[in-house]
Amino acid sequence: MDETQDHYYSSSLPESSLSHDGGGRSYFNGQINRGTAISGLKKRGHGSRSWIKIGQDGNFQTVTLDKATIMRYCSLPSRDLRLLDPMFIYPSTILGREKAIVVNLEQIRCIITADEVILMNSLDGSVGQYRLELCNRLQNEKADDLPFEFRALELALELTCTSLDAQVNELEMEIYPVLDELASSISTLNLERVRRFKGHLLALTQRVQKVRDEIEHLMDDDGDMAEMCLTEKKRRSDTCTFNDCFQTRASGRLISKSAPASPERTISGVQMLQRAFSSIGNSSKHGSSMGSSDNGERIEPLEMLLEAYFIVIDNTLNTILSLKEYIDDTEDFINIKLGNIQNQLIQFELLLTAATLVAAVFAAVAGVFGMNFETTVFDYPSGFHWVLVITGIACIALYFALLFYFRYKKVLAA
């Protein structure tokens with residue numbers, strides 16, 4: 001298999017596109033030198049792209065592969081490779097195929113086979129961290145019961161869940177002081193900051209929810225998990241190929257030995273078909289009883305792996321939901337506080353309206369008596385003053401009567 005892969009890469013790629021490196025310093029130097037080329041590839045959207053191939057021994061090399069080459073080598077349809085295209089934004093997806101696992105988790109976009117990981121090359125820190133961590137684990141942690149594809153998938157899930165959890169914790173540390181400040185002091189600046197944080201929280205919630213739903217979907221479907229057991233499928237395929245070759249050689253020997261036998265001992269084609277169908281029926285009955293238990297044993301490590309990270313991502317989602325509930329409670333408190341202020345303004349406006357009414361009555365009486373018309377009031381020198389005093393007392397009595405009425409109707413607080 002290794003010789004086939006080496007021949008494949010050497011025959012399909014030019015020598016200038018390969019850069020073998022076992023360390024990190026020369027790799028990142030190569031990344032800086034190839035920055036312009038990678039950006040040019042992203043702009044075109046077609047043709048070759050830069051990939052990082054990581055083998056089971058922990059060594060990696062940077063190669064340039066086009067879409068058609070990857071499709072032929074990994075037996076993938078073109079729609080699966082679109083999930084890895086950096087030109088488009090797709091939600092987190094994990095797909096199990098015949099010979100590969102297509103992983104699109106946040107910035108980690110790779111194709112995992114039974115022998116290697118083909119990671120999309122990018123200047124993002126998550127990609128570099130995934131490459132370094134996977135190489136270290138493959139080189140240092142040899143004693144591991146998990147197959148190669150599960151270890152690579154586990155690291156992708158680990159980095160994705162850790163990154164999302166770190167982003168949630170960072171947002172949580174930033175938003176709680178802003179919410180507390182908004183609850184104590186309602187201002188346009190604080191409202192704008194909370195609005196911006198709510199937008200970030202909504203986008204982060206969708207990303208976390210998609211990762212959680214994808215893991216839950218895989219856990220609920222045993223067939224999808226069985227498709228992801230690439231090492232087991234490869235081992236069975238090799239075993240079946242060896243058995244077929246052995247049976248072919250054995251049958252050839254039997255035919256050569258029985259060639260000179262008499263015609264009476266030869267078996268007709270109908271009898272051979274009957275025996276073949278009877279053997280297939282017996283094997284299917286035996287396989288139906290043993291298939292479920294065998295399938296359960298194969299997917300049990302993957303199921304336990306997905307369950308562990310499902311708990312982690314579910315805890316992250318619960319943290320986000322708690323943060324959203326705290327935001328909703330703060331908004332409810334602000335609405336109640338604003339409603340109380342609005343009620344106070346309405347009461348103050350009602351008092352001003354009553355005072356304006358009383359002042360208008362006093363001004364109307366003073367204006368009427370200020371006209372030049374004949375009345376017995378003006379026969380007395382202080383008659384007009386008495387009119388003003390009596391009108392003022394009446395207006396004050398009217399004002400307090402209105403206040404008593406408003407309190408009686410519970411329009412004003414007692």
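Among contacts in the protein chain between residues at least 6 apart in sequence, 67% join residues at least 24 apart. Contact here means heavy atoms within 4.5 Å. This is a predicted model, in which local features need pLDDT of at least 70 and side-chain atom pairs count only at pLDDT 80 or more, while totals for chains, interfaces and linings use all residues. Residues are numbered from 1 along each chain as its sequence is written, and side-chain values use heavy atoms, with hydrogens and water left out.

The protein chain holds 12 helices and 7 strands. Helices (H or I, at least four residues) and strands (E, at least two) are DSSP runs, numbered from the N terminus. Of the 414 residues, 33% count as buried, meaning under 20% relative accessible area with a 1.4 Å probe, protein chains only.

Start with strand 4, residues 93-96. In a regular strand the side chains alternate between the two faces of the sheet. Both faces of strand 4 are covered. T93 and L95 are buried on one side, I94 and G96 on the other. A hairpin of 4 residues leads from strand 4 to strand 5. Strand 5 spans residues 101-105 and pairs with strand 4 in the antiparallel sense, over 4 bridges. Two strands pair if DSSP finds at least two bridges between them. G96 stands opposite I101 in strand 5.

Now the helices. Two packed helices are described by the angle between their axes and the distance between the axes. Axes are lines fitted to C-alpha atoms, for helices over the stretch in contact, and angles run from 0 to 180 degrees between N-to-C directions.

Helix 6 (residues 125-140) packs on helix 7 (residues 148-184) at about 140 degrees, with axes 10 Å apart. That makes helix 6 oblique to helix 7. Angles under 35 degrees count as roughly parallel, over 145 as roughly antiparallel, 65 to 115 as roughly perpendicular and the rest as oblique. Residues of helix 6 including Y130 and L134 meet residues of helix 7, among them F148 and L155. The contact residues divide into 8 nonpolar, 2 polar and 4 charged. Ala, Val, Leu, Ile, Met, Phe, Trp, Tyr, Cys and Pro count as nonpolar, Asp, Glu, Lys and Arg as charged, and the others, Gly among them, as polar.

Helix 7 also packs on helix 8 (residues 188-220), at about 155 degrees, with axes 10 Å apart. That makes helix 7 roughly antiparallel to helix 8. Its contact with helix 8 has 16 nonpolar, 4 polar and 4 charged residues.

Key
Buried < 20%, exposed > 50% of the residue type's maximum accessible area, 1.4 Å probe, protein only.
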